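This briefing goes through the chain shown below.

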Amino acid sequence: LYRDGSGLQRLPKGTAGQQLAINSGATAPEWVDASGGGVLQAVWNTNATPVNTSSSNYVATNNGVTITPTASNSKIYVVLSGSIAVNNTSDDPWCFIKVQKSIGGGAYSEVQSNWYRRYAPSAGTTHPLQDVNFHFIHAPATTSAVVYKVYYHGGGQSVWYGGRSSSEPSSTNGIAIELANGIA
């Protein structure tokens, strides 16, 4: 029951999946379809196997996440985290890291990139681990599977991703959260 200008009124029972609301401009409660909130789905991936390269070209890591959006107008909040270590003859090593995406099994293209510079007390040693984190919102405009993956290289020096060495791994994590249209 609710009171309007003429007295008590009875609100009929709603249907399955509806919720009671007072919408903008309404003078009485009404049943509306439930919106379900802003998060449509969340997926994650973790890996504890480090990879190593001395290539001057980008190579794929095992750090990534795949999500298949439920709506083409959704946005995806992506978090990719890991660690990197460098063994070099220099005391001024560099690491280059980027995130690439593939939509529906297509070619990979860059979403975001960064570089990391590590000073070391002496050359020829493994430089300490450094955390690597990417956080971004992407609008893929598709309902096909989207793969987000970390790529890296160290300009010809030995670089470990996901650990200090093959015997000292650390976890890498990928999280993708689908946000309903209008949330982000």
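The model is predicted, and the points below are grouped by topic.

**Surroundings of Asn 45**

- Beyond its sequence neighbours up to four places away, Asn 45 touches Asn 62, Gly 64 and Val 65, together with Thr 172, Asn 173 and Gly 174.
- The C-alpha atoms of Asn 45 and Ala 176 lie 9.1 Å apart, although 131 residues separate the two in sequence.

- Gln 100 is part of strand E9, residues 94–103.
- With a relative accessible area of 10%, Gln 100 falls under the 20% limit and therefore counts as buried.
- Once neighbours within four places in sequence are set aside, the contacts of Gln 100 include Tyr 108, Ser 109, Glu 110 and Val 111.
- Gln 100 is also in contact with Val 147, Tyr 148, Lys 149 and Tyr 151.

**Strand E8 and its partners**

- Strand E8 runs over residues 75–87 and is mostly covered, with 10 of its 13 residues buried.
- Which strands pair with E8? They include E16, E11 and E13.
- The pairing of E8 with E16 is antiparallel and has 7 bridges; within it, Lys 75 has Leu 179 of E16 as its bridge partner.
- E11, made up of residues 130–138, also pairs with E8 in the antiparallel sense, here over 9 bridges. In this pairing Ser 81 stands opposite Asn 133.
- E13 (residues 158–161) joins E8 through 4 bridges, again antiparallel, and Trp 160 of E13 is the bridge partner of Ala 85.

**Aromatic rings**

- The structure holds 3 aromatic pairs.
- One of them is formed by Tyr 152 and Tyr 161, whose ring centres are 5.7 Å apart.
- Are the two tyrosines buried or exposed? Tyr 152 is buried, with a relative accessible area of 0%, and Tyr 161 is buried with a value of 0% as well.
- In another contact with a ring, the charged end of Lys 98 sits over Tyr 58, at 4.1 Å from the ring centre.

**The chain as a whole**

- The chain has 16 strands and 0 helices.
- Of its 184 residues, 38% are buried.
- Among contacts in the chain with a separation of 6 or more, 72% are between residues 24 or more positions apart.
- The chain exposes about 9,800 Å², and carbon and sulfur atoms supply 50% of this area.

**Confidence of the prediction**

- The mean pLDDT of the chain is 84, and 83% of the residues reach 70 or more.
- Among the elements, strand E16 (residues 172–179) has the highest mean pLDDT, at 96.
- The lowest mean among the elements, 78, belongs to strand E10, residues 109–117.

Conventions:
Residues numbered from 1 in each chain as written. Predicted model: local features only at pLDDT ≥ 70, side-chain atom pairs only at ≥ 80, totals over all residues. Heavy atoms only, no water. pLDDT = per-residue confidence, 0-100. Helix = DSSP H or I, 4+ residues; strand = E, 2+ residues; numbered from the N terminus. Buried < 20%, exposed > 50% of the residue type's maximum accessible area, 1.4 Å probe, protein only. Pairing = 2+ DSSP bridges. Phe/Tyr/Trp six-rings, centres within 6.5 Å; stacked < 30°, edge-to-face > 60°. Lys NZ or Arg CZ within 6 Å of the ring centre and 35° of its normal. Contact = heavy atoms within 4.5 Å. Areas by Shrake-Rupley, 256 points an atom, 1.4 Å probe, with all protein chains shown as cover.
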